[in-house]
Each structure stands twice: as C-alpha cells, then as structure tokens.
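The following note reviews the model shown below, point by point.

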Number of protein chains: 2
Amino acid sequence: MCQLLGMNCNVPTDITFSFEGFRRRGGQTDQHADGWGIAFFETDGWRVFLDPLPSATSPVADFVRSYPIKSRNVIAHIRKATHGEISLANTHPFRRELWGQEWVFAHNGNLASFSYAGQRFMSIGNTDSEQALCFILDRLASKFQRTPELAALEETFSECCQALSSHGTFNCLLGMNDVLLVHCSTDLHYLVRQAPFSIAHLADADIQVDFAKHTAPRDRVAIIATQPLTDNEQWTALGKGEVALFRNGERISPAHAS
Amino acid sequence: MCQLLGMNCNVPTDITFSFEGFRRRGGQTDQHADGWGIAFFETDGWRVFLDPLPSATSPVADFVRSYPIKSRNVIAHIRKATHGEISLANTHPFRRELWGQEWVFAHNGNLASFSYAGQRFMSIGNTDSEQALCFILDRLASKFQRTPELAALEETFSECCQALSSHGTFNCLLGMNDVLLVHCSTDLHYLVRQAPFSIAHLADADIQVDFAKHTAPRDRVAIIATQPLTDNEQWTALGKGEVALFRNGERISPAHAS
C-alpha cells in the first residue's frame with residue numbers, strides 16, 4: 001500500500017512542513033520505498049516531480065524540500081508497489097489532458113481484480129492505478145462535452161470510485177486546477193488550518209512549526225493524508241465510500257455551492 | 001524566438017555538458033529568459049522539469065545540472081515569449097499521451113497566423129506551440145489506430161510540419177520513447193559523437209570535456225540544437241523544410257530501416 005498527501009489552499013502556500021514528515025514514510029519511518037512523486041498546481045499549470053528512488057533519500061525530494069514552491073493545490077504520493085514494477089512510468093501522480101485542462105491523480109490501495117485497456121485514455125505504465133485514472137477520464141469524456149459543473153463532476157467521480165472500489169481498495173486524490181477531489185476506501189484523513197493558527201508537530205519527526213508566524217489571518221489550508229501527519233491536531237477520518245471536494249482550502253458541497 | 005536542444009543516444013547518457021552551455025543562453029549569453037524546460041526519457045517514461053524562471057539563474061536548472069539523469073532521449077527548450085505570457089502552462093516541453101505512449105514536444109519559431117482550437121487534444125496554455133502539438137497529435141489520432149511504423153510516422157509528421165510552416169517559423173523536436181523527430185524551418189543543427197571520441201569545447205562558456213575519458217567504444221550520441229553548442233566540432237545544418245528522425249544516437253531513414 002502507498003501513502004497519499006494532498007494540500008488545497010485559498011492562497012499559494014508551500015508544503016515543505018507536511019512534505020518533510022510525509023517523505024520520511026518513504027523508506028525511513030515506514031516502508032513505502034518504491035518511488036514517489038509530487039504535483040503542484042501553480043497559477044495555470046501543474047508541475048510534477050517524480051523519482052523512482054525512495055523519497056526519504058531521493059535527491060529530487062531534497063530539492064523539493066529546499067525549493068519551497070507555492071501552490072494552491074498539491075498531490076503527493078509515495079509508493080509501495082503492488083501492481084507493476086518500480087519504474088518512472090509506474091510512479092504516481094499520473095496526469096492527462098482533457099478539455100484543455102490537466103488532471104492529476106494518485107492512488108493508494110490495490111485493485112486486485114481490475115484491468116482496463118482504455119479507450120481515449122490508455123496506460124503508459126502497467127499499474128492498476130493509472131488504469132483507474134484512464135477509466136475515470138474515459139467516463140467523464142463520454143458523459144460530458146466540456147468540464148462539467150462541480151456537482152456533476154463530483155457525482156460522476158463518485159460513481160467511478162464506487163465501481164472501482166468493487167475491485168479492491170481505492171483511496172485516491174484527483175486534482176484539476178484548484179479543485180481537489182478525494183475518495184476514501186479505507187484510510188484518508190483531513191484537517192483545515194485557519195485562524196487562529198497554532199503550533200503543529202510532525203508525527204514522523206521531532207519538527208514543529210508555529211503557523212501563526214507564517215500565515216495571514218485569512219489563509220486557509222486543507223491537508224489530506226492517508227494517516228495524520230501531525231500528532232497534536234484534530235484530524236477528521238473520512239468514511240468508507242466517502243467522497244469529498246476541496247476548493248480554496250475548505251471542503252465544499254458542490255451541489256450547494258454558489 | 002527560442003532555443004531547442006535534443007539528445008538521442010544508444011545508451012543512457014547524461015546531458016550535463018551540453019545543458020551547461022545551453023542554459024546560459026537563457027538570460028546570460030543570449031536573451032531567452034522567459035522560462036525553460038527539459039524532458040528525459042528514462043527506460044519507460046518521461047520525466048519533465050519546468051521552470052518559468054530564466055534557465056541561467058533557475059534553481060531547477062541548478063538541480064538538473066547537479067543531478068546527472070541518464071537518458072536515451074532528451075528534449076530541452078529555453079523560451080523567448082512570442083505568443084502567450086510567461087507562465088508554467090506556456091513552458092515547453094509540452095506532453096500528451098496517445099496510444100499509451102507519451103509524446104513530448106518543443107518548438108522554436110512563431111506561427112503568427114496559426115490558431116487551432118483542438119479536437120481530441122486541446123491546449124492548456126495559450127501558445128501557438130502547444131496548439132501545434134495538438135494539431136499534430138489530432139492528425140496522427142485521426143489517421144492511425146495505433147502507433148504506426150516509423151516510416152508512416154515520419155511521413156505524417158512531415159505533412160503536419162509542412163502545413164504548420166505555412167503559418168510561420170516552425171523548428172521543432174518531437175519525442176516518443178527512444179525516437180526523436182525533428183523539423184527544421186530556419187535553424188537546426190546536429191552532430192553525432194561516436195568513436196574515436198575527442199575533446200569538445202562549449203561555445204557559450206570556457207568549458208571543455210574529453211569524451212574519450214567518459215565513453216565506451218560503442219557509445220553513440222546525437223545532439224540537435226538551434227545553434228551549434230560547441231566551437232570545435234563539425235555540426236551539420238538541416239535545410240529548410242527538412243525532417244530528420246533519430247534513434248539509437250544516429251539519424252535514420254525510417255523508410256529503409258529494418
């Protein structure tokens with residue numbers, strides 16, 4: 001199984017604190033050493049860094065930690081291979097363009113009985129995860145002519161996740177511009193940091209940060225992770241089969257959004 | 001106008017020497033300071049590093065120089081913006097998946113009168129260059145059901161380049177797995193380094209390397225660049241409208257390839 005990390009914010013924010021704890025699970029505090037990747041949405045495009053090396057010791061991870069890219073939407077993944085060998089083509093996050101927008105995806109779990117050849121979207125590597133992304137995007141492309149309203153997008157995403165979950169464990173993050181869709185099959189937690197900000201302490205390293213010193217009063221940041229990344233904050237566990245949509249650093253119900 | 005750099009090899013090779021000269025044209029020895037990017041094909045997938053900052057001073061470029069990724073096919077680009085603002089979405093190389101393979105593209109020139117809304121493939125940013133990639137891939141997707149033989153691929157690529165060149169200057173590199181297709185409209189040069197190897201000296205910096213010390217007898221590396229990167233080697237200029245295909249570090253004629 002793998003580990004997921006997502007961040008969604010109302011202003012561009014760097015993820016170095018959360019990433020520092022997260023990357024240690026890639027071969028140091030946990031056994032997810034079969035590559036890792038991180039995708040940042042910056043203004044109008046995604047920038048993705050991938051490495052088939054363990055994140056705890058990856059030179060690319062050292063670079064990402066030292067170069068604080070500010071982003072409103074981030075998806076990161078560290079891999080424990082189940083389907084597919086350790087290689088660049090099998091390293092999450094995966095990405096595809098649809099309707100002139102880039103869709104970025106990472107999966108935790110194992111769809112043991114799932115196999116999808118793809119229609120318009122086909123796998124480059126040979127993971128169940130990339131096939132799942134192709135399945136979701138093929139479904140969206142067949143159902144809509146252009147990017148749908150968020151409520152319709154969430155509904156179709158939810159239907160796809162339900163179908164995929166019948167094949168095994170399917171926790172996932174799907175990003176498009178500043179929107180982050182998530183689905184929980186077994187393990188996914190989130191929290192929203194907003195004023196009044198406090199001190200957060202990493203669960204995987206004796207490192208803490210006082211967010212009150214690094215934030216403006218209106219900043220809002222949602223963090224989504226397989227397991228809570230801090231040991232002194234209140235994380236909310238998503239339920240089995242639950243879908244959530246984050247935008248501007250908060251969880252929203254698109255059906256009721258203005 | 002921009003600058004292009006391609007490398008195609010028969011064994012995984014690092015591009016640090018050529019990249020060191022090339023990156024200096026991004027804001028130091030030349031005026032191409034509107035972002036840059038580099039894509040490496042590694043075994044089975046492409047890894048792309050992008051930065052909207054000038055390559056001469058970019059932290060990502062510092063990292064790429066210090067972390068010698070070995071690759072059999074590389075496409076790099078430094079940008080002087082003509083169409084589209086300076087942004088991540090407008091930073092080359094661009095990439096798309098078609099038939100389960102990733103296609104990576106960079107363009108030098110200006111298609112002043114070209115505008116393409118896209119069909120299956122649509123632009124994420126707003127450059128003529130990304131629209132040109134969408135045009136080429138839409139044409140391939142409409143003409144073939146799967147990746148064609150190299151001769152047919154080169155022929156369709158050539159037809160597309162001819163059509164695009166009627167709108168302006170169109171020097172470009174298109175990579176797919178270990179294959180590198182290039183089209184020259186005005187400026188594109190190449191050389192093939194193979195045994196006996198000698199000392200090469202950069203045109204943009206007083207740096208030289210003795211390739212005899214860093215190569216095996218069977219290594220073969222083709223370098224393709226807008227302008228020659230070294231001042232003591234014999235570069236071949238491609239002609240106006242000329243297409244070339246490189247594989248395993250040499251220029252091949254796919255119609256006659258076994």
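1. Buried residues make up 48% of the 258 residues in chain A; a residue is buried if 20 or more other C-beta atoms, placed from the backbone, lie within 10 Å of its own, exposed if 12 or fewer, and partly exposed in between. This is a predicted model, in which local features need pLDDT of at least 70, side-chain atom pairs count only at pLDDT 80 or more, and totals for chains, interfaces and linings use all residues. Residues are numbered from 1 along each chain as its sequence is written, while chains are lettered from A and ligands numbered from 1 in the order in which they are written.

2. Chain A contains four helices and 15 strands, these being DSSP runs numbered from the N terminus (helices H or I, at least four residues; strands E, at least two). The radius of gyration of chain A is 17 Å, close to the 18 Å that the globule rule gives for 258 residues, so chain A is as compact as a globular protein of that length. That radius is taken over C-alpha atoms, and the rule is 2.2 Å times the number of residues to the power 0.38. Along the principal axes, the C-alpha atoms of chain A fill a box of roughly 50 × 45 × 30 Å.

3. Of the contacts in chain A between residues at least 6 apart in sequence, 72% join residues at least 24 apart; a contact requires C-beta atoms, placed from the backbone, within 7 Å.

4. In chain A, seven strands form an open antiparallel sheet in the order S3-S2-S4-S1-S12-S9-S13; two strands pair if DSSP finds at least two bridges between them. Strand S3 (45-51) and strand S13 (236-237) of chain A stand at the edges, each with a single partner strand, so one side of each lacks a neighbour in the sheet. Eight bridges join S1(A) to S4(A), which run antiparallel, and Gly6(A) stands opposite Ile75(A) in S4(A).

5. H1(A) packs on this sheet, touching S1, S4 and S12 of chain A, and its direction makes about 170° with that of S1(A). Such angles run from 0 to 180 degrees between N-to-C directions, with axes fitted to C-alpha atoms, for helices over the stretch in contact. Seven of the nine residues of H1(A) (residues 16-24) are buried, including Phe17(A), Phe19(A) and Phe22(A). H2(A) lies across strand S2 (36-42) and S3 of chain A, at about 140° to S3(A).

6. In chain B, seven strands form an open antiparallel sheet in the order S3-S2-S4-S1-S12-S9-S13. Six bridges join S9(B) (residues 189-194) to S12(B) (residues 220-225), and Leu191(B) stands opposite Ile223(B) in S12(B).

7. The largest nonpolar core has 69 residues, with Phe105(B) and Leu173(B) making the most contacts inside it. Such a core is a set of buried Ala, Val, Leu, Ile, Met, Phe, Trp, Tyr and Cys residues joined through C-beta atoms within 7 Å. Helix H3 of chain B (residues 128-143) gives the most to this core, with seven residues.

8. The contact between the chains takes 25 residues from chain B and 25 residues from chain A. On the side of chain B that touches chain A, the largest share, three residues, comes from S3(B).

Technical notes. Two residues are in contact if their C-beta atoms, placed from the backbone, lie within 7 Å.
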